[in-house]
Number of protein chains: 2
Amino acid sequence: MKPNLYQEKHRIMYYETDMTSRLSLGMLLNLAVLVSEDQIDHLHVGTQLLQGDHIGWVVIQYSIHVNRLPKNNEVVTLSTQSKYYNQFLAEREFLIKDASGKVCAKIDSNWILLNLRTRKLILIKPDLIKPYGAQLVPVLPHLRRPYPIKNQHDTVSRIYRVRYSDIDINHHVNNAKYLNWMCDVLKPYFLVQHVPQDINIKFSHEVKYGTNVTSRVKMIKQDSNTVFTRHEITSNHQISAVANVKWIHKN
Amino acid sequence: MKPNLYQEKHRIMYYETDMTSRLSLGMLLNLAVLVSEDQIDHLHVGTQLLQGDHIGWVVIQYSIHVNRLPKNNEVVTLSTQSKYYNQFLAEREFLIKDASGKVCAKIDSNWILLNLRTRKLILIKPDLIKPYGAQLVPVLPHLRRPYPIKNQHDTVSRIYRVRYSDIDINHHVNNAKYLNWMCDVLKPYFLVQHVPQDINIKFSHEVKYGTNVTSRVKMIKQDSNTVFTRHEITSNHQISAVANVKWIHKN
């Protein structure tokens, strides 16, 4: 069985970019969710199969490689396909390509099926995944777990109150906001001088409206051109997300 | 001279909507700026005439009437035209129409020309406005000034730290964020139960990165179906924006 590739064009809007006029990391995740939702609609596996039973796909990890972040007004092609799944997990790949066909970013991701009311895991039945052309495998391609912050020494943190605009239709914090909190805790001059090359982010507990989160970062400088950062988002003394980012100096 | 009407189609993305799956108020302003920037590019009055001299159009007031906020995935037509100007001010009208041609929202606005380096007012010379087909008039159509909060009695306020993601390419806070702060200070159950019908927002001082702002609101209940709110955003003891909103209960 061949996986179904779904793709669409997207123009990068100025409000999807940051201070540097390049697509923001949060919006990169929004574009991934956008094209996966559109594939669900395209394959007609949305309303009937999912919403009727209050079942939804929830992402638990993104591993992102960025060659370059597309700029304001650029028209890119977003594509996605799901090649493999097992009973508990489905993988999904995203590509963002520029007009010349060059890959701007590649995202590998792992998804689970949840009962959106009880938040309990649902086993992935073949009829739900069949339209994607995904193949049942005993072991999924491995996404490396991001390293946690082991000790608090030399960390910087900040508390964020969840805002109304952070909440999506499911009354949970939109995943893109985690990356905003992770970036915001870094200094603006660092963000302007560096570009993210690899981002590995794993979500463990969802954040709800009305809570405060702490965004903590530890910087591990490698050399004059490369900086590694380790991030965690905690809420109610529980880790909500862990991420590792490799940054390259712009020169 | 007939004003040049510029229009384009736009699909409402899920990340442009709020908890109710309708276009958020902040994104409504982003769409207005988007279509006005696109008209500037279309008329070739951008790069050469503005950026070379570090001159930019800055909005000082929006008066918005909402019939209904478009929903997630809806394709709307955004249009804009500038009919009138004088030496100091240009007016610009925006329409958001749905697929059947019905007006979802109408926005009237006033703009000034600023030297983006010195932040000083620039007189609007005819050659800059000519491509828009705008007409020089002694007095512009009047946009009513929003009522300020006269006394602090019965107001609710909250302090917001400007985040990295609030800042745009000009290193200032994106105007849409003011409306986010104004909405966030209201209760979520109020925002879910009410829809904004009229929004009148006037900007006076720009907010820069690294500052805190206070968002203050006073509710003036009219009857069971209508609520008026008065908002102000202050920064460094200076008023940055004042807004009045008329809300209708959804029933």
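## Exercises: interfaces in a two-chain model

Between domain 1 of chain A and domain 2 of chain A, 8 residue pairs are in polar contact, both residues at pLDDT 80 or more. A polar contact is a pair of N or O atoms within 3.5 Å; within protein, one atom must be able to donate a hydrogen and the other to accept it, and residues adjacent in sequence count only if both atoms are side-chain atoms.

The model is predicted: local features need pLDDT of at least 70, side-chain atom pairs count only at pLDDT 80 or more, and totals for chains, interfaces and linings use all residues. Residues are numbered from 1 along each chain as its sequence is written, chains are lettered from A and ligands numbered from 1 in the order in which they are written, and side-chain values use heavy atoms, with hydrogens and water left out.

### Exercise 1

Describe the contact between domain 1 and domain 2 of chain A.

**Solution**

Step 1. Domain 1 of chain A brings 17 residues to the contact and domain 2 of chain A brings 19. Contact means heavy atoms within 4.5 Å.

Step 2. Take the area. About 1,600 Å² is buried between the two domains, 58% of it from carbon and sulfur atoms. Buried area is the accessible area (1.4 Å probe) that two parts lose on being put together, summed over both.

Step 3. Look for charge pairs. The domains share 1 salt bridge. A:Arg119 and A:Glu206 meet in a salt bridge, N to O at 2.3 Å. The rule asks for a side-chain nitrogen of Lys or Arg within 4 Å of a carboxyl oxygen of Asp or Glu.

### Exercise 2

Describe the interface of chain A and chain B.

**Solution**

Step 1. Count residues. Chain A puts 39 residues in contact with 39 residues of chain B.

Step 2. Take the area. The two chains bury about 3,500 Å², with 55% given by carbon and sulfur atoms. On the chain A side, A:Met19, A:Arg163 and A:Tyr164 lose the most area to chain B, together 25% of what that side buries.

Step 3. B:Arg11 makes a salt bridge with A:Glu8, with the closest N and O atoms 3.7 Å apart.

Step 4. Name the elements. Those of chain A that give two or more residues to this side include strand 1 (6-11), helix 1 and strand 9 (155-161). Helix 1 of chain A gives the most, with 8 residues. Helices (H or I, at least four residues) and strands (E, at least two) are DSSP runs, numbered from the N terminus.

### Exercise 3

Is A:Gln39 buried or exposed, and what does A:Gln39 touch?

**Solution**

Step 1. Locate the residue. A:Gln39 sits in helix 1 of chain A.

Step 2. Check its cover. A:Gln39 is buried, at a relative accessible area of 1%. Buried means under 20%, exposed over 50%, partly exposed in between (1.4 Å probe, protein chains only).

Step 3. List its neighbours. Not counting residues up to four places away in sequence, A:Gln39 touches A:Asn4, A:Tyr6, A:Thr80, A:Arg92 and A:Tyr132. A polar atom of the A:Gln39 side chain lies 3.1 Å from the backbone oxygen of A:Asn4.
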